[in-house]
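Here is a short briefing on one protein chain. Look over the sequence and the model before reading on.

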Amino acid sequence: MADTSRKLLIKRIIIMLLFLTLFIGAFSGALYFYQNDRTQRSADLSFGDDKEPNRLDVEISLLGVDPIKSDISLRFVPIPQGTYAKDARLTKDLKFFTGIESGKAEVTLEKNRIPDAVSGSLSIAKGRVSDYPFDVHSSDFYLFFTNPKDEKEEIPMSVDFYGAISGYNIDVDYIPKAEFESSDSYIGLRVTVSRSVITKSFSIFLMVAMWLIGLVIFTMTMIVVWQPRPIEFGMFTLIAGMLFALPAVRNLQPNVPPLGGLSDFLSFFWAESLVAISMPILFFTWLTRYKKPS
């Protein structure tokens with residue numbers, strides 16, 4: 001008897017250790033997954049000639065992304081170097097072209113002043129938000145400086161781009177040479193924005209959850225129809241509650257666009273239809289199964 005109890009205790013300890021190991025592995029995997037996703041969704045890149053002593057540095061920060069409004073917000077900070085700078089101030093009047101669409105595509109930088117930061121937004125040129133959560137968006141912008149007193153002067157540039165927006169992967173690169181040839185004084189960049197791995201994973205998880213809810217409700221209804229099981233009033237309450245709960249589950253998806261996207265056609269419309277169909281079927285079964293007491 002004591003030997004049996006000891007074996008049972010050892011078995012329980014082994015099972016507990018196994019579950020503990022699985023939990024630690026899953027937790028460590030989640031942390032690694034987050035670290036990898038955080039690295040992917042940030043862009044910290046440099047472009048242009050940073051070895052030229054006499055140049056204009058431009059620090060670009062990505063302020064926000066709104067695929068629904070089709071906007072990418074950026075901030076440009078020009079910093080003069082070499083002969084273009086004296087105590088961080090410009091030594092000559094320059095014009096700065098950014099390509100943003102908020103009325104500041106062309107900015108005048110005055111001599112003997114520290115250049116001001118320029119903020120604005122770009123329209124997303126490519127990408128459809130209706131493809132959520134697999135949508136990919138991109139937009140192009142062009143940077144260059146000119147001297148109003150000497151239009152032929154070429155002003156070298158160095159561009160530092162930084163972007164990190166929660167829920168998105170940010171990538172920046174030169175516009176392909178087939179479309180635009182960048183040089184030290186004219187730089188064309190393409191910003192590409194997609195959903196992060198965590199956003200996609202959570203969205204897919206919720207889509208699967210909505211399918212499961214719809215299938216469970218519909219299966220429960222069919223079993224009641226095919227088998228002589230009693231129909232409880234709580235079934236009607238459950239179905240009615242799920243009918244209004246599914247839209248809330250759908251809206252839990254991060255930065256989800258309005259109704260009608262790809263994710264809705266993959267899961268939400270189907271799950272909502274299964275739940276909605278289950279209610280009249282259950283009611284008709286309850287209505288026709290009634291028998292008068294003998």
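Are Arg-195 and Asp-135 buried or exposed? Both Arg-195 and Asp-135 are buried (under 20% relative accessible area; exposed is over 50%, and partly exposed lies in between, with a 1.4 Å probe and protein chains only). This is a predicted model, where local features need pLDDT of at least 70 and side-chain atom pairs count only at pLDDT 80 or more, while totals for chains, interfaces and linings use all residues. Residues are numbered from 1 along each chain as its sequence is written, and side-chain values use heavy atoms, with hydrogens and water left out.

**Salt bridges**

- The count comes to 9 salt bridges, each a side-chain nitrogen of Lys or Arg within 4 Å of a carboxyl oxygen of Asp or Glu.
- Arg-195 forms one of them with Asp-135, with the closest N and O atoms 2.9 Å apart.
- Arg-195 lies in strand E12 (residues 186-195) and Asp-135 in the loop between E8 and E9, so this pair ties together parts 60 residues apart in sequence.
- Strands (E, at least two residues) and helices (H or I, at least four) are DSSP runs, numbered from the N terminus.
- Arg-190 pairs with Asp-140, the closest N and O atoms being 2.7 Å apart.
- That pair links distant parts of the chain, with Arg-190 in strand E12 and Asp-140 in strand E9, 50 residues apart.
- Arg-190 is buried at 15% relative accessible area, whereas Asp-140 is partly exposed at 25%.
- Shared partners join Asp-140, Glu-179 and Arg-190 into one network of salt bridges.
- Arg-113 and Glu-110 also meet in a salt bridge (3.5 Å, N to O).
- Arg-113 is partly exposed at 42%, and Glu-110 is partly exposed at 43%.

**Backbone features**

- The peptide bond from Tyr-132 to Pro-133 is cis, with omega near 5 degrees.
- Pro-133 sits in the loop between strand E8 (118-123) and strand E9 (136-146).
- Ala-88 has a positive phi, near 70 degrees, and is a residue other than glycine.
- The loop between strand E4 (85-86) and strand E5 (89-90) holds Ala-88, which is partly exposed at 45% relative accessibility.
- Asn-112 is not a glycine, yet its phi is positive, at about 65 degrees.
- Asn-112 belongs to the loop between strand E7 (106-109) and E8.
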